[in-house]
Amino acid sequence: MAAKQPDKKNVELFALGTPRSMLLAEFGPPTVSEVRDGKKYEIYKFVQGYSAGAKAGRAVFHGAADVLTLGLWEVVGTPAEGVFSGDEMAYEVSYDSDNRVDQVIALKK
């Protein structure tokens, strides 16, 4: 389960001046995209995951614990990994006329 957790996203891209194309590349298509008063607004929702190193380390630990406890670790390890499923995050951004971020609002951190 540890190896299949979501990847860590670069939330530092939610900054003034970031091109829209970079947000699309990192986070995929926005959940909501609309134009209000002639200005484009988008909401990005995603699960903030873990770095590859953290996921690999946890997977190795769980594997070793399974071997050392003859599989009994699964009783503790499986529910524990369910807790580490990442944090849901949401940001609203608006863009200027050059499709660069000009406002960021963290909706859920």
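A salt bridge is defined here as a side-chain nitrogen of Lys or Arg within 4 Å of a carboxyl oxygen of Asp or Glu. By that criterion, the structure holds five salt bridges. The model is a predicted one: local features need pLDDT of at least 70, side-chain atom pairs count only at pLDDT 80 or more, and totals for chains, interfaces and linings use all residues. Residues are numbered from 1 along each chain as its sequence is written, and side-chain values use heavy atoms, with hydrogens and water left out.

Secondary structure follows DSSP runs numbered from the N terminus, with helices (H or I) of at least four residues and strands (E) of at least two. Four strands form an open sheet in the order β1-β2-β3-β4, and the pairing is antiparallel. The edge strands are β1 and β4, each of which pairs on one side only. From one strand to the next, the twist averages 20°. Two strands count as paired if DSSP finds at least two bridges between them. β1 and β2 pair in the antiparallel sense over five bridges. S33 has E42 in β2 as its bridge partner. Strands of a sheet pair through backbone hydrogen bonds, either parallel or antiparallel.

Helix α1 lies across β2, β3 and β4. The helix runs at about 25° to β2. Axes are lines fitted to C-alpha atoms, for helices over the stretch in contact, and angles run from 0 to 180 degrees between N-to-C directions. Contact means heavy atoms within 4.5 Å.

E42 also forms a salt bridge, with R20. The closest N and O atoms of this pair are 2.7 Å apart. E42 lies in strand β2 (residues 39-48) and R20 in helix α1 (residues 20-27), so the pair ties together parts that are 22 residues apart in sequence. Both E42 and R20 are buried. Buried means under 20% relative accessible area, exposed over 50%, and partly exposed in between (1.4 Å probe, protein chains only).

One links R36 to E34, with the closest N and O atoms 2.7 Å apart. Another links R36 to E92, at 3.1 Å between the closest N and O atoms. E92 lies in strand β3 (residues 87-95) and R36 in strand β1 (residues 32-36), so this pair ties together parts that are 56 residues apart in sequence. Shared partners join E34, R36 and E92 into one network. E34 is partly exposed, with a relative accessible area of 35%. R36 is partly exposed at 34%. E92 counts as buried, at 15% relative accessibility.

A nonpolar core is a set of buried Ala, Val, Leu, Ile, Met, Phe, Trp, Tyr and Cys residues joined through side-chain atoms within 4.5 Å. The largest such core has eleven residues: L13, F14, L23, F27, Y44, F46, M89, Y91, V93, Y95 and V101. At least two core residues come from each of α1, β2 and β3. The largest share, four residues, is supplied by β3. Leaving aside residues up to four places away in sequence, M89 touches V11, Y44, K45, F46, Q48, K108 and K109.

Backbone phi was also examined. Most residues other than glycine have a negative phi. D37 has a positive phi, near 55°. D37 sits in the loop between β1 and β2 and counts as exposed, at 83% relative accessibility. N99 also has a positive phi, near 60°. N99 is found in the loop between β3 and β4 (101-108). N99 is partly exposed, at 35% relative accessibility.
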